[in-house]
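I set out here what I looked up in this structure, entry by entry. I begin with the lining of the pocket and then turn to the core and the fold.

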Amino acid sequence: MSCLFCKIIAGDIPASKVYEDDQMIAFNDITPQAPMHVLVVPKRHLATLNELSAAEDGLVGAMVRRAAAIAKERGVDGPGYRTVFNCNAQAGQSVFHIHLHVLGGRAMAWPPG
Ligand code: AMP
Ligand code: ZN
């Protein structure tokens, strides 16, 4: 298995876990871009958003709701936070196992770089 996030899910590579259930895991990003930077990752390997079908609607919905719950736990729900899925090279995707970035704790610019 060559996928970094599959290795984290399998427990072969350590991560700073903040949440886990039967379908997803969330852990702190190793190179945080904000005071809070969590990645919400499905346990099933899907390389990019382009692989999603209607079968994953429930999974993706649960990931987004988990992102909101983590933001609330960290107290950034009121001030605001950002959720991002990068898809493929031009968007900056570097790990090809889908993941939802959850960033908060500082003001953020728009448009993104
Ligand atoms: P992306 O560029 O959207 O594919 O995001 C990949 C993210 O994974 C980046 O923000 C990296 O900092 C993060 N990352 C890479 N390796 C690890 C790791 N071992 N543990 C936690 N986060 C990681
Ligand atoms: Zn994977």
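I sorted the lining of the largest pocket by class and found 16 nonpolar, 12 polar and three charged residues. In this scheme Ala, Val, Leu, Ile, Met, Phe, Trp, Tyr, Cys and Pro count as nonpolar, Asp, Glu, Lys and Arg as charged, and the others, Gly among them, as polar. The model is predicted: local features need pLDDT of at least 70, side-chain atom pairs count only at pLDDT 80 or more, and totals for chains, interfaces and linings use all residues. Residues are numbered from 1 along each chain as its sequence is written, chains are lettered from A and ligands numbered from 1 in the order in which they are written, and side-chain values use heavy atoms, with hydrogens and water left out.

I noted a volume of about 690 Å³ for the largest pocket. A pocket is an open set of points on a 1 Å grid over the protein atoms alone, where a 1.4 Å probe fits, with protein on both sides within 12 Å along at least five of seven lines; lining residues have an atom within 4 Å of a point. Grid points are joined across faces, edges and corners, and the volume is the space filled by probe spheres set on the points. Of the 31 lining residues, D29, Q33, H37, L39 and H101 are the closest to the pocket centre.

Helices (H or I, at least four residues) and strands (E, at least two) are DSSP runs, numbered from the N terminus.

I next examined the largest nonpolar core, which has 15 residues; M36, V38, V40, M63, I70 and V102 have the most contacts inside it. Such a core joins buried Ala, Val, Leu, Ile, Met, Phe, Trp, Tyr and Cys residues through side-chain atoms within 4.5 Å, where buried means under 20% relative accessible area with a 1.4 Å probe, protein chains only. Two or more core residues come from each of β2, β3, α2 (57–73) and β5, and α2 gives the most, with five.

I listed the contacts (heavy atoms within 4.5 Å) of V38. Leaving aside neighbours within four places in sequence, V38 touches V18, A26, F27, N28, D29, I70, R74, L100, H101 and V102.

Notes: Buried means under 20% relative accessible area, exposed over 50%, partly exposed in between (1.4 Å probe, protein chains only).
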